[in-house]
Amino acid sequence: MRPEDARYVIIGAGFAGAATACHLAFQGARRVVILEQEAVPGFHSSGRNAGFIRQVLSEPSVGDLAARSAEFIRNPPPGWPVPVSYNAIGSLIVGRGQQWEAVCRDAELARERGLDVECWSPEKTVAAMPLIEGGVLDGAVWCASDGVIDIAALLSGYLKTAQSGGAVIRYGATVTEVRAGEGRVHGVATDQGFVEADVVVNAAGPWAGPVGVMAGAVPIAFHPRRRHLFVTPPLDWVKPDWPFVLNVSDEVYFQPSSGGLMLCPCDEDEVAPGDPPTRPEALELLAERLAAAYPDFPDVPIGRYWAGLRTFTDDNRFVIGWDPGIEGFFWVAGLGGHGVTTSAAVGSLAARVLFGADEDPNFSPARFG
Ligand SMILES: Cc1cc2nc3c(=O)[nH]c(=O)nc-3n(C[C@H](O)[C@H](O)[C@H](O)COP(=O)(O)OP(=O)(O)OC[C@H]3O[C@@H](n4cnc5c(N)ncnc54)[C@H](O)[C@@H]3O)c2cc1C
């Protein structure tokens, strides 16, 4: 069978599933069905994140994907169906001691892949971001091309491109069984009926583990970790062009958002897949970490807050490729905290491997088999 004639079922309409469907359309796949248990796309992690495109990352293989993906996101191909606003406010990754040394190594690797990054002194950093005055830091890595993306528009662009190529999206369709026999997949059962498939793509985010179990695929341990984001009301002293600031020593970040600030305590308690409830302790953690990092940080009111899940594998690398045991079962999962940034490159790699290209061994599911 030619890959363009296969029947594809993609489980999940988050960034993993949507970007894969989009790139399958670019490759000429015709019979693609996306099944999403919720009534809308991006209900889970893909709609609850900070929307920050960050390219200086500690895992080199993920950094490569981030750089390629960011280029696509900033300059989508001609005919892209939804205008996607990108605000290149830049990022400052600040730290001290060993964490600072690690960030400098990440910056060096980013430079080698052609990214324009600079190492700044503490004085230059505080001049650019007065809120962190009083904090103890050895310096900052500045990346001017990082920025904030409109996540709803980006996700919608992937899905609309897939639909233009003929993909069908079914919302409110929960996959309850992946039917496999004689070593290969045959389709999926849903609460809306059976869908035959030659290829089943597991893009189920925090549920990727249970979906893999349904198929009898290689057992991969996934760890969904809850993270909170807090947003202040508009504050007249916040400058909208201030950069994103991540402190890797005290584990806290903030960025301008909707006229105020978005702040994150970088919490990561492991929970079951689902819609995670918020915890008041997260606000206490935010206050503690901000005070430890920047003793003079102003008191800010919190307007709204929410929690979402970041899903990791044991080695923190993504899982993109064919299952080594069940023919036709394909993984696009474990995107952790970088699934927006890397989405275009993840979708492109997944679609190319689905059409016969070699897997990237860094992401191959076979490493768990
Ligand atoms: C607080 C927070 C901040 C973040 N900030 C950033 C950031 O600034 N930049 C960045 O790049 N990344 C960020 N991330 C990470 C990013 O959001 C994720 O990596 C990405 O959204 C993961 O996408 P996904 O498609 O794998 O998962 P999801 O978005 O969870 O999508 C999986 C989908 O599968 C569906 N599904 C599951 N099981 C079934 C089933 N049986 N049947 C049918 N459908 C099913 C689910 O309903 C869901 O919609 C952040 C995450 C969080 C939580």
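His44 is buried in this predicted model, because its relative accessibility of 13% falls under 20%. The residue sits in the loop between strand E2 (31-36) and strand E3 (52-53). Leaving aside neighbours within four places in sequence, His44 is in contact with Gln37, Glu38, Trp207, Gly274 and Asp275.

The loop between E2 and E3 also holds Arg48. Arg48 forms a salt bridge with Asp275, with the closest N and O atoms 2.8 Å apart. Asp275 lies in the loop between strand E18 (269-270) and helix H7 (280-293). The pair links distant parts of the chain, 227 residues apart. The two partners differ in accessibility. Arg48 has a relative accessible area of 15%, so this residue is buried. Asp275 has a relative accessible area of 47% and is therefore partly exposed.

The domain assignment divides the chain into two parts. Domain 1 covers 3-50 + 151-220 + 314-368. Domain 2 covers 91-144 + 223-312. The contact between them takes 16 residues from domain 1 and 17 residues from domain 2. The C-alpha centres of the two domains lie 30 Å apart. Together, domain 1 and domain 2 bury about 1200 Å² between them. Carbon and sulfur atoms account for 54% of this area. On the side of domain 1, Arg48, Ala50 and Pro206 supply 43% of the area buried against domain 2.

Seven residue pairs are in polar contact between domain 1 and domain 2, counting residues at pLDDT 80 or more. The side of domain 1 that touches domain 2 has six nonpolar, eight polar and two charged residues. Between the two domains, the count of salt bridges is one.

Salt bridges also occur elsewhere. Side chains of opposite charge can pair when their charged atoms come close. The count for the model comes to 18 salt bridges. One of them joins the side chains of Glu108 and Arg111, at 2.8 Å from N to O. Both residues belong to helix H3 (residues 97-112). They are three residues apart, so about one helical turn separates them. Glu108 is partly exposed, at 38% relative accessibility. Arg111 is partly exposed as well, at 33%.

A further salt bridge joins Arg184 and Glu327, at 3.0 Å from N to O. Arg184 lies in strand E11 (residues 184-190), and Glu327 lies in the loop between strand E20 (319-322) and strand E21 (329-333), so the pair ties together parts that are 143 residues apart in sequence. Arg184 counts as partly exposed, at 23% relative accessibility. Glu327 counts as exposed, because its 52% is over 50%. Salt bridges also form a network that links Arg2, Glu4, Asp5 and Arg30.

Pro233 lies in the loop between strand E14 (223-231) and strand E15 (244-247). At 32% relative accessibility, Pro233 counts as partly exposed. Not counting residues up to four places away in sequence, Pro233 touches Gly260, Pro301, Ile302 and Gly303. Pro233 and Ala217 are 16 residues apart along the chain, and their C-alpha atoms are separated by 46 Å.

Technical notes:
Residues are numbered from 1 along each chain as its sequence is written. This is a predicted model: local features need pLDDT of at least 70, side-chain atom pairs count only at pLDDT 80 or more; totals for chains, interfaces and linings use all residues. Side-chain values use heavy atoms; hydrogens and water are left out. Domain bounds come from an automatic or database domain assignment. Contact means heavy atoms within 4.5 Å. Buried area is the accessible area (1.4 Å probe) that two parts lose on being put together, summed over both. A salt bridge is a side-chain nitrogen of Lys or Arg within 4 Å of a carboxyl oxygen of Asp or Glu. A polar contact is a pair of N or O atoms within 3.5 Å; within protein, one must be able to donate a hydrogen and the other to accept it, and residues adjacent in sequence count only if both atoms are side-chain atoms. Ala, Val, Leu, Ile, Met, Phe, Trp, Tyr, Cys and Pro count as nonpolar, Asp, Glu, Lys and Arg as charged, and the others, Gly among them, as polar. Helices (H or I, at least four residues) and strands (E, at least two) are DSSP runs, numbered from the N terminus. Buried means under 20% relative accessible area, exposed over 50%, partly exposed in between (1.4 Å probe, protein chains only).
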